[in-house]
Amino acid sequence: MQFFKKPNIDFIGIRKYGYMFSGTMILIALVLLIVQGPNYGIDFKGGVSMRVKFDSSVTVRMVRNSLSKIGYGNAEIKETSIQTAKGTEKEMIIQVELTNKPDEIASAVSAQLKKDFPKGLDIRSIDTVGPKIGGELRRAAIWAVLFALLLILIYITLRFEFRFAVGAILPLFHDVLITLGFFLIFRLEISLDVVAAFLTIVGYSLNDTIVVFDRIRENLKTRRRETFTQIINESINETLSRTVITSFTTFLVILVLFLFGGEVIHNFSFAMLVGVVIGTYSSIFVAAPLLVEWENYAPRHKKITEARIKKAHRAAKRR
């Protein structure tokens with residue numbers, strides 16, 4: 001299936017507009033990251049997470065009103081449905097930030113819920129995360145992303161060349177930073193699920209980029225009379241249909257998850273929605289154009305280095 005019939009778009013010619021857009025988005029993300037910081041979830045800042053089954057008539061507002069009586073009205077409450085042998089059951093996940101000892105918070109919340117909802121209440125699990133563990137999880141998540149990018153750098157260097165690896169890794173940083181920027185703009189919570197979404201975005205975006213790079217490598221072998229810029233442009237156009245169709249179908253699936261998947265995976269699916277769009281954009285407007293910048297910079301850099309060496313030799317002879 002061809003979404004575009006023989007496209008001939010000058011992507012390299014308009015790459016500066018792409019750089020301006022990417023630069024602006026990254027700048028916004030970095031400023032927000034420094035000024036307001038991420039909105040970490042219970043997983044990272046510590047707290048109590050309870051999975052509770054209520055009678056079907058109990059709503060989130062009723063639970064929140066109940067918790068307000070003991071000072072936990074700002075707790076995060078997510079409603080979800082699970083399929084069992086007896087049918088669909090409604091559960092709620094109640095997450096409370098650490099303001100006291102975790103055990104005391106869990107006891108107080110359990111007692112209040114039992115008092116206000118004596119019938120049909122089933123507390124199925126209570127998990128606590130201390131602030132120290134939350135900090136360790138936060139550091140582990142950052143290292144996981146960085147380690148994944150390092151392995152990708154090594155893999156692409158072995159499969160292609162180092163310049164291709166740089167052209168692939170920088171857009172991955174770009175994708176994760178811009179997606180994080182959307183979370184900062186909307187003050188969405190960053191949990192372990194969202195970190196998993198970031199890693200998934202890295203994999204997805206890399207796949208798109210590798211398809212374009214594969215075509216560039218093939219064309220470099222067969223189209224020796226064309227300039228490097230022409231080959232890059234034609235390679236992007238030749239893979240454009242495949243890139244757009246794959247991304248569009250993936251986007252539709254994630255959109256369904258976002259709309260109907262429930263509140264529990266809402267942030268995960270939002271991260272994936274943004275990531276798919278930004279990943280597709282970066283594989284076209286950032287990754288391949290970076291190869292052109294590398295190609296343009298490398299000869300100039302070589303000439304400057306040679307000139308400096310000659311100048312140093314002449315200076316040594318004069319002494």
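In the predicted model, the side chains of Arg124 and Asp122 are joined by a polar contact of 3.2 Å, and the side chain of Arg124 makes a further polar contact, of 2.7 Å, with the side chain of Glu91. Arg124 belongs to strand 5, which spans residues 122–129, and is partly exposed, its relative accessible area being 34%. Although Arg124 and Lys53 are 71 residues apart in sequence, their C-alpha atoms lie 7.1 Å apart in space.

With regard to the packing of nonpolar side chains, the largest nonpolar core comprises 52 residues, and those with the most contacts inside this core are Ile156, Phe213, Ile216, Ile232 and Ile236. At least two residues of the core are supplied by each of helix 1 (15–35), helix 5 (131–159), helix 6 (162–185), helix 7 (192–222), helix 8 (228–238), helix 9 (240–260) and helix 10 (266–318). Another core, of 18 residues, lies apart from this one and has Val63, Met92, Val96 and Phe117 among its members. In soluble globular proteins, nonpolar side chains tend to be buried together. When neighbours within four places in sequence are left aside, the contacts of Phe213 are with Phe160, Phe164, Gly167, Ala168, Ala287, Ala288 and Leu291.

A search for aromatic pairs over the whole structure returns 12 of them. One is formed by Phe186 and Phe270, whose ring centres are 6.1 Å apart and whose planes stand at 90°, an edge-to-face arrangement. This pair links distant parts of the chain, since Phe186 is placed in the loop between helix 6 and strand 6 (189–190), whereas Phe270 is placed in helix 10, 84 residues apart. Phe270 has a relative accessibility of 15% and therefore counts as buried, the cut-off for that class being under 20%. A pair of another kind is that of Tyr281 and Phe285, which is stacked because the ring centres are 5.3 Å apart and the planes meet at 25°, and angles under 30 degrees count as stacked. With a relative accessible area of 15%, Tyr281 is buried, while Phe285, at 21%, is partly exposed. Phe186 and Phe270 also belong to one aromatic cluster together with Phe183, Phe198 and Phe258.

Definitions and conventions: Residues numbered from 1 in each chain as written. Predicted model: local features only at pLDDT ≥ 70, side-chain atom pairs only at ≥ 80, totals over all residues. Heavy atoms only, no water. Core = buried A, V, L, I, M, F, W, Y, C linked by side-chain atoms within 4.5 Å. Buried < 20%, exposed > 50% of the residue type's maximum accessible area, 1.4 Å probe, protein only. Helix = DSSP H or I, 4+ residues; strand = E, 2+ residues; numbered from the N terminus. Contact = heavy atoms within 4.5 Å. Phe/Tyr/Trp six-rings, centres within 6.5 Å; stacked < 30°, edge-to-face > 60°. Polar contact = N/O pair within 3.5 Å; in protein donor to acceptor, adjacent residues only side chain to side chain.
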